[in-house]
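Please read it alongside the structure shown here.

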Amino acid sequence: MMSPVYGLIYILLAPIAGGLVAGIDRKITARMQGRVGPPLLQPFYDVGKLFEKENLVVTRSQDLYALCYLVFMLVAGALFFAGGDLLLVIFAFTLSHIFLVLGAYASSSPYSFIGAERELIQIIAYEPMIILSAVGMYMVTASFFVSDIVVSSIPIVLYLPGVFIGFLMVLTIKLRKSPFDLSTSHHAHQEIVKGVTTEFTGPNLGKIEIAHWYEYVFLLGFIFLFFAFSIPIALLAIAVAYLLEILIDNTFSRVKWQFTLKSAWIIAGMLGLINLAVLYYLSGGLQP
Amino acid sequence: MIELAFLILFPAIVAFLLLAFKNGQVRNAVVKIAAGLIGLATIILLITYFSSGLVLFTVPFDAAAEIMSVISLLIAGFILYLGIKQRKYLAVILIIIQTLMFIGIEGWLAKDVQQVYNLFIDQFSLIMAAIVGIIGTLICVYALAYMETYHTQHPEIQDRRNIFFFMVFVFLAAMFGLIFSNNLLWVYFFWEITTLASFILIGYAKTSESTNNAFLALEMNLLGGIAFAGAIIYLLIADPTGSLLGIEQLLSSGQAFALVPAVLLSFAGITKAALMPFSSWLVGAMVAPTPVSALLHSSTMVKAGVYIIVRFAPVLSGTTEGLIIGLVGGFTFLLGSAIAISQSNAKKVLAYSTIANLGLIVACAGVGTYKLVWAAILLIIFHAIAKSLLFLCVGTVEHQIGSRNIEDMSGLIVRMPKVAVMMLVGIAGMFLAPFGMLISKWVAIEAFIEAQFGLIFVAILAFGGSITVFFWSKWMGKIISVDPHVSREEDSLKSEKKGVLYILAGLTVLICLIFPLISSSLIEPFVLSVYGQTARLSQDNIIIMAMMLFLLMIMPFSMLLPRNGARKVPPYMGGRPASSDMKFLGSMGVTRDVTLSNYYLNDLFGENRLLMAGTALGFGLILLAMIVLVGMIL
């Protein structure tokens, strides 16, 4: 059964959790680089400050796209936590990103234009793997609904090891971690200025940051599904996975988009599909 | 019964009227009135047969068969004459083979045929009729204004508008005939007329390019016609009384017997629906005036191809041949979408997207479980509306800015805001949640998982679906980018054009809201009557999608909210000295314009390479299907 209450809790609490994750991320990253790092709550201070700034735009329509990005990220995440259909969640998630891309296009600025193109390449790089993850979960639990998957006592990750590794790979893209932070990055050394977010300032940039926090929580929730049979293990898995992402972020240098696309597809094709094919074979063809 | 006869005969009569009158005003009046009447008749048809299920009709007119034979022979003679005149010997050979088969059927095999039910109607025919009768006629009305501008802008092309509208209405009549005919001989007759109509319309401009492309289309469709004739011959040899020539009778005769004709007809469908390896004719067909492309891609021609395959989906279901046909469709979907990434010509992008989506429909029909047939019919409906809207938008833009290149559409939202918004609606309708095509792709994924070997198709959909996101989004991005070089252009659109675009854009959105109704009242009863079980979308998901659509529609109003001072600044130019109209000081002190161009990723998604792969795969798979089929016959 879908429960809107959890969706509502997500809408209210996810920014806090997401902001904290971002704070921890910055702290650990700083320690890995031998710095002290900012306070844990620094992301909140940053966003708070953004909302106090003047709203500079190239075109007024940017306001609309930034707002739509945030709103549909909320829709996707709330639908996920309310226990909705996983495929619909993924499509709403894509929709919200399309708005970010459109916002970047709208300004007709060279830097954000390249960022938009790269963001699109990232979308086509990660989306197949995310859909295959949802398909894998269906094959194990016979349901696309998050509410059914999460109460399943089957250790999903044991049936979907390849899919899980593939998902971690695209998670790196999704969290905008090096080596796949092509379109925009949290690092100072972004090669195309700030990519998709170049032309967003002040409150609009603040909205995009908050949308990122919502996105963090949604993606970590997705990891949870793989381990839903046991909550302690799931929380541990999320922590380990995120630490791994930070480690990868700080040890690899940025790659070209060609490599990003090819490697994401090859991993999705090899690990994901072979995993699903084996599962399909073992379950005797999954006849209706 | 009378509605059916009216819908087949009336457009044909109008066609001859339009051929006779060369006066522009008369033509305008006739086309508009006829379009209105056909649309009205379609709606009456919908109301009359809404809940009646399958109804079979006898036609109390015995001479119909003779008239059809005479017309068929006349058409064959006409094509033969043109083929010899233009030295297209492949077309000549194909038409000779086909005519010989036809004479064999009519003069020898079909002598004892006692066909009782020539016409029929069921929910699927009704859906197809609605598509032809509403979208097809809207395109006709649009074509009036379009062709006028077309001939002003291309004075070198001979004004043969009477032939143009003649063919368009013949096309509509043939489509109605095709979807209402139960007798395969009749279907075959209308099938050949659509081939002829597309041939003449593609070659309308009479340039060497358009003539070549018209013959390409003709040759490929004649090849399909030969397979169609083969299916009829097979059926007549099996039962000379012709009791199996009726689609309904054939479908109920059992899979073992019906499979051979079903595969042959599917081959004919594949050529008509322009799946790989036959996709090149539909791409070439874009030389025709844009309303022709809109007709071919949305409501006629290619839809006839998928119609016949979906009809025979229950026979194909679960067979090796069906799986192979499904794979042809699946690979066409994947490769067609990928090729669209590398195209900058808007019509070519649309063409490849059509090819891809038809591939998906055939993939659904080839695998043919009840859920997939349901998804396939949804795809047919959504695709027809959104694609016709997009073609007509591109045509309008092309007349206004003189280019159909997507790169030239930069800043369209400023230059032609109304058309740009409608184009955005059309594009969103093709790939975004919660619009139609995405709904269909989603239900297709859910349906394929449960089908045999469905994992292959799920993978194809996962990758192909993401690829479509890329080329549609970058097109959208080009339209909405607020380019400082451009300013609003004068609004010189004719009211007909605008009206048609508004209606289609409205339909694209409306259909997303009312599709559960269409599904429950037409598609589900049809699937239920064929398979004994049916699929539907869960109530929760429908509500969520309606809410998303609503949210999407109210979001633009946030622009109207009073805001405290958003200040406009020029875009960031990397610290170069730049002016607000996007000129910057380059190296060596030269002032340069900023130009932005999309990625086309030619190395990865180049047309030549992927088309070669598609052709090889398509031919290989079809050959395989033929070998399996021959093995089965022997």
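## Between the chains

Strand β1(A) and strand β3 (residues 566-568) of chain B run parallel and are joined by three bridges. In this pairing, A:Val57 stands opposite B:Lys568 of β3(B). The model is predicted.

The contact takes 57 residues from chain A and 48 residues from chain B. On the side of chain A that touches chain B, two or more residues each come from β1 (55-57), α3 (61-81), α4 (86-106), α5 (110-141) and α11 (257-282) of chain A. The largest share of that side is 14 residues, from α5(A). By class, this side of chain A has 40 nonpolar, 10 polar and seven charged residues.

## Between the domains of chain B

Chain B is divided into domain 1 (1-316) and domain 2 (321-554). Their C-alpha centres lie 24 Å apart. Domain 1 of chain B gives 46 residues to the contact, and domain 2 of chain B gives 51 residues.

Which elements build the side of domain 1 of chain B that touches domain 2 of chain B? Those that give two or more residues are α5 (123-153), α10 (255-272), α11 (280-284), α12 (290-299), α13 (302-311) and α14 (313-316) of chain B. The largest share, 15 residues, comes from α5(B). This side of domain 1 of chain B divides into 33 nonpolar, 11 polar and two charged residues.

## Helix packing

Two packed helices are described by the angle between their axes and the distance between the axes.

| Helix pair | Angle between axes | Distance between axes |
|---|---|---|
| α3(A) and α9(A) | about 20° | 9 Å |
| α1(A) and α9(A) | about 90° | 8 Å |
| α5(B) and α12(B) | roughly 170° | within 9 Å |

Take α3(A) with helix α9 (residues 202-226) of chain A, whose axes pack at about 20°. That angle makes α3(A) roughly parallel to α9(A). The crossing of α3(A) past α9(A) is left-handed. Residues of α3(A) in the contact include A:Gln62, A:Asp63, A:Leu70, A:Met73, A:Phe80 and A:Phe81. From α9(A), A:Asn204, A:Lys207, A:Tyr214, A:Glu215 and A:Phe218 are among them. The contact of α3(A) with α9(A) has 15 nonpolar, four polar and three charged residues.

Helix α1 (residues 4-32) of chain A also packs on α9(A), at an angle of about 90°. So α1(A) is roughly perpendicular to α9(A). On the α1(A) side the residues are A:Ala14, A:Pro15, A:Ala17, A:Gly18, A:Gly19, A:Val21 and A:Ala22. They meet A:Ile210, A:Trp213, A:Tyr214, A:Tyr216 and A:Val217 of α9(A). This contact of α1(A) with α9(A) divides into 10 nonpolar, two polar and no charged residues.

The remaining pair is in chain B. How do α5(B) and α12(B) run, parallel or antiparallel? Their axes cross at roughly 170°. The two helices are therefore roughly antiparallel to each other. From α5(B), the contact uses B:Ile131, B:Val132, B:Ile135, B:Gly136, B:Ile139, B:Tyr142, B:Ala143 and B:Tyr146. From α12(B) come B:Thr290, B:Pro291, B:Ala294, B:Leu295, B:Ser298 and B:Ser299. By class, the contact of α5(B) with α12(B) has 10 nonpolar, four polar and no charged residues.

## Backbone details

Most residues other than glycine have a negative phi, and most peptide bonds are trans. Chain B has exceptions to both.

A cis peptide bond joins B:Met276 to B:Pro277, with omega about 10°. B:Pro277 sits in the loop between α10 and α11 of chain B. Another bond, from B:Ala433 to B:Pro434, is cis with omega near 0°. B:Pro434 is in the loop between α19 (417-431) and α20 (436-450) of chain B.

For phi, the residue is B:Lys206. Its value is near 60°, positive in a residue other than glycine. B:Lys206 lies in the loop between α7 (184-202) and α8 (208-238) of chain B.

Definitions and conventions:
Residues are numbered from 1 along each chain as its sequence is written. Chains are lettered from A and ligands numbered from 1 in the order in which they are written. This is a predicted model: local features need pLDDT of at least 70, side-chain atom pairs count only at pLDDT 80 or more; totals for chains, interfaces and linings use all residues. Domain bounds come from an automatic or database domain assignment. Two residues are in contact if their C-beta atoms, placed from the backbone, lie within 7 Å. Helices (H or I, at least four residues) and strands (E, at least two) are DSSP runs, numbered from the N terminus. Ala, Val, Leu, Ile, Met, Phe, Trp, Tyr, Cys and Pro count as nonpolar, Asp, Glu, Lys and Arg as charged, and the others, Gly among them, as polar. Two strands pair if DSSP finds at least two bridges between them. Axes are lines fitted to C-alpha atoms, for helices over the stretch in contact, and angles run from 0 to 180 degrees between N-to-C directions. Angles under 35 degrees count as roughly parallel, over 145 as roughly antiparallel, 65 to 115 as roughly perpendicular and the rest as oblique. A crossing is left-handed if the near helix is turned anticlockwise from the far one by less than a right angle, and right-handed if clockwise.
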